[in-house]
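Trainee: Please walk me through this model. I would like to learn how to read its features.

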Amino acid sequence: MSSESKPKVVLAYSGGLDTSVILKWLCEKGFDVVAFCADVGQHHEDFEAVKAKALNAGALKCVVTDLRKEFVTDYIFEALKCNAIYEGRYLLGTSVARPCIAKEMVRIAAEEGAGFIAHGATGKGNDQVRFEMCAQALDAKLQCIAPWRDAEFIESFKGRSDLLAYCTKHGIPVDAKPKSNYSIDENLFHTSYESGVLEDANETYEESMFKMTVSPQAAPETSTTIDLEFVKGVPVKLTNKTDGTVKTDPLELFMYANEIAGANGIGRIDIVENRFVGIKSRGVYETPGGTLLRDAHMDLEGICMDREVKRITEGMGIEFARLCYNGFWFAPEMDLIRYSVDYSQRDVTGTVTLELYKGNIIARGRTSPYALYNPDLASMDIEGGGDNFDYNPSDAAGFIRINAVRLKTYAALRAKTQE
């Protein structure tokens, strides 16, 4: 039974070795522990077993929250609207999940009257920053316990063998399977693999590692053709033209995008990225549905977004990715970007037809009621701009001369200084 004098902490709990040890350790330190497990689409997770394990380890209670739909509509689709990608390659599968989880964690802390939150993130990674920055932005009074930065905890648990011994001592059940060759983070947006053998940047991986995708070589010999419909930059309908499947519910649409993209070998990357804490890290990621939807969204923007708006939003997408990756989801500058991106998406409505084949996403067509593309204006067979546009090709001569003035000036200076 909870004691009124005991401080209460909400622990981000996965049921794995580290957080199970942390849960018991916090109990021994005099805390009432509320374990919190977020369902963000982890593959084949038995949440009832996770809950039972938390209670067995000493948790006052274990709260499991299904955040999957909110994760899709309020986080993944927000990133999609600005084509967010970190360092030109990473689609932010882990980064974008953290504010979703942190927000619910803070809500539970308020509901439970907890003054502390805790997590099992390491002292070298990005997640410690993301969880704590998001939590402090949402409730500045909350204090955070990070055992993997605590000198006493680190001294007690120098490696996996110490963690296992602690579990044995306290009767905490441990997965009997051998430890994986890498660290895995799963949600419905992506699966990431890092650490272990992957810490050698030149070490390859086994095909059996992957959970969401087949290799392009093993993908079907026949392609899959789909239509993706967007309204104001958000996907609202996915139609498989090959077999007739239609999805309109946001969560179902995204899960089906994962399924068909993964089956066609789409969405794998192997990169070395720059962590916010200053460390380079290698990660292997599979993000099938996110890769598919982003490609479709960018294609649609091509037909219905103004050139200068596109140029500005490309910069916003880069900044959105940086802020998300670094843990600033609930910062005022992120609000500015999201509101601006929403404005840019007001005419991004239409349908894109794509063919999926052995790791490739092939655009086959696109249409929009707000298309800025005009066939007559673009045509090489029509001298002007057609009936609706006053375009005279001879005007281009003056346009070129004006734009070349600064180039001529610069060239003259260079010629003078090189004499």
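Trainee: Is Leu354 buried or exposed?

Mentor: Buried means under 20% relative accessible area, exposed over 50%, and partly exposed in between, with a 1.4 Å probe and protein chains only. Leu354 has a relative accessible area of 2%, so Leu354 is buried. One caution: this is a predicted model, where local features need pLDDT of at least 70 and side-chain atom pairs count only at pLDDT 80 or more, while totals for chains, interfaces and linings use all residues. Residues are numbered from 1 along each chain as its sequence is written, and side-chain values use heavy atoms, without hydrogens and water.

Trainee: Which residues is Leu354 in contact with?

Mentor: Contact means heavy atoms within 4.5 Å. Leaving aside neighbours within four places in sequence, the contacts of Leu354 include Thr224, Leu292 and Ile361.

Trainee: How do I read a helix pair?

Mentor: Two packed helices are described by the angle between their axes and the distance between the axes. Axes are lines fitted to C-alpha atoms, for helices over the stretch in contact, and angles run from 0 to 180 degrees between N-to-C directions. Helices are DSSP runs (H or I, at least four residues), numbered from the N terminus. Here α4 (residues 97–112) and α5 (residues 127–138) pack at about 45 degrees, their axes 9 Å apart. That makes α4 oblique to α5. Angles under 35 degrees are roughly parallel, over 145 roughly antiparallel, 65 to 115 roughly perpendicular, and the rest oblique.

Trainee: How many disulfides does the structure hold?

Mentor: A disulfide is a pair of cysteine sulfur atoms within 2.5 Å. The structure holds 0 disulfides. The sulfur of Cys27 is 12 Å from the closest cysteine sulfur, in Cys62, too far for a bond.

Conventions:
Helix = DSSP H or I, 4+ residues; strand = E, 2+ residues; numbered from the N terminus.
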